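Welcome! Take a moment to look over the chain below, and then we will walk through a few of its parts together.

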Amino acid sequence: MLDTKSNFLRRTSGLFIGLLLAILALFIVLNRQFVIDQLTVWQYTPSDTISQLANRATIHDKGLFYFYASEPSVEGTQKFNSQCDRKEPTSAILGCYSAERIYIYDVTDPRLDGIREVTASHEMLHAVFERLSEKEKQYLGTLLEAEYAKSHNAELQTRMEYYARAQPGDRINELHSIIGTEIASLGPELETHYKQYFSDRQKVVALHATYQKVFDDLSAQSDTLGAEVSRLREGISAEITTYNAEAARLEADIAALRAREGTVDRTSASQVNAYNADRQALINRADSLNGQKVAIDTKTTEFNTKVKAYNDLVVRSNELKQKIDSTLAPSPSV
C-alpha cells in the first residue's frame, strides 16, 4: 500500500510540475516582451545621474519600469553619435531610442537646465509606445491628433514635418512623446494615460518650458534687432542718397555763384544785395546739409551698435545650438 501511494504521489507531483512548466511556458510566450523587460530591470543598475534624471522628471510606476528596461545611459559625443543616427545634418538630436535602449546626449550647459530630463522622458515614452497594442495605438492616435490640431504651434509643425521626412510612419509615436512632455493642458483621457508614467507630468513640462524659453528669447531678440537693423539700414541708405544729391546740387550752385561773382556791379546796391542773399542762402543750405550729415552719422553709430548687439546674439545662439548638437561638439583630445 505504501509503495502504491508513494508512486501515486510521485506521478501526481510530476503531472503538477509539468502543468506548472506548461503554464509558465505559455505565459512566457504570451508575455515575451514583459519577461524580457522584467529580466532587464532586475539586472540593470541605474547610475546616480540616471536616477536623478528620472526623479526630477517624476518618472514613476510603469514609466520607471520601461525607462530602466531600456537601460538608459547619458553619453558624450562619440558614444552618442555612434548609437543615435542623425537623419538630417541641420537637425540636432538630443536622444534616441535604439535597439530597445535609450541614449541621452550629455548637455551640461546650465542655461539648458532640464533638457536631459525632458529628453529622458521623451525617449521613455517611445519605449512605452512600442509596447502598446495596435488597438491602444489607434485609440491614442485619435486623441493625440486632436491635441496637435489644437496647439497651433508653428515650431511643433516644423518638427513634425521633419519627422515626416526623417522617420516616416512614426508620426503618432513622436506626438505621443512630444505632447506628453511639452504640452501643459491636455484632455482627461490623455492625462489619465500619462499618469501611468509620471507622478507629476507638469514638472517635466515646466522643465521643457524653461530651457525652451532660452531659445525663444534669443530668437525674439534676434528678430527684433534684425528688424531694427534693416529699418536703420534702409533709412540711412535713403538719407545718404538724398544727402549726396543735395550736396551735388549745392556744389553746382556754389560754382555758379563763384562764376557770377565777377559779373556783379559792385556799384549797384541791388546786384550786391541779390548776390549776398544768394550767398547766404547757399551758406544756410550748407549748414542744413552739415546737420543732415550729423544726423546720418548719429544713425550710423546707432546702426553699428545694433549690428554688434545682433551679432552677439547670433554668437550666443550658435553657442547654444552647438551645446545640443553632438556633431558640433569639440572632439576629445588624444
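The protein chain holds 12 helices and 3 strands; here helices (H or I, at least four residues) and strands (E, at least two) are DSSP runs, numbered from the N terminus. This is a predicted model, in which local features need pLDDT of at least 70 and side-chain atom pairs count only at pLDDT 80 or more, while totals for chains, interfaces and linings use all residues. Residues are numbered from 1 along each chain as its sequence is written, and side-chain values use heavy atoms, with hydrogens and water left out.

Of the 334 residues in the protein chain, 36% are buried. Buried means under 20% relative accessible area, exposed over 50%, and partly exposed in between (1.4 Å probe, protein chains only). Among contacts between residues at least 6 apart in sequence, 70% join residues at least 24 apart, where contact means heavy atoms within 4.5 Å.

**The sheet**

The strands form an open sheet of 3 strands in the order β1-β3-β2, with mixed pairing. Its edge strands, β1 (73-75) and β2 (95-98), each pair on one side only. From one strand to the next, the twist averages 25 degrees. Two strands pair if DSSP finds at least two bridges between them; β1 and β3 (residues 101-105) do this in the parallel sense, over 3 bridges. In this sheet Glu75 stands opposite Tyr105 of β3. Helix α3 (residues 48-56) packs on the sheet and touches β1 and β3, and its direction makes about 110 degrees with that of β1. Such axes are lines fitted to C-alpha atoms, for helices over the stretch in contact, and angles run from 0 to 180 degrees between N-to-C directions.

**Helix α4**

Why is α4 described as largely enclosed by the rest of the structure? The reason is that 6 of its 8 residues are buried. They are Gly63, Phe65, Tyr66, Phe67, Tyr68 and Ala69, and they pack against α2, α3, β3 and α6. After α4 comes Glu71, with a positive phi near 45 degrees.

His126 sits in helix α6 (residues 115-130) and counts as buried, at 7% relative accessibility. Leaving aside neighbours within four places in sequence, His126 is in contact with Tyr97, Asn173, Glu174 and Ser177. The table lists two polar contacts of its side chain, a polar contact being a pair of N or O atoms within 3.5 Å; within protein, one must be able to donate a hydrogen and the other to accept it, and residues adjacent in sequence count only if both atoms are side-chain atoms.

| Side chains joined | Polar contact |
|---|---|
| His126 and His122 | 3.1 Å |
| His126 and Glu174 | 3.4 Å |

Thr142, by contrast, is found in helix α7 and is exposed, with a relative accessible area of 57%. Thr142 and Ile172 are 30 residues apart in sequence, and their C-alpha atoms are 9.0 Å apart in space.
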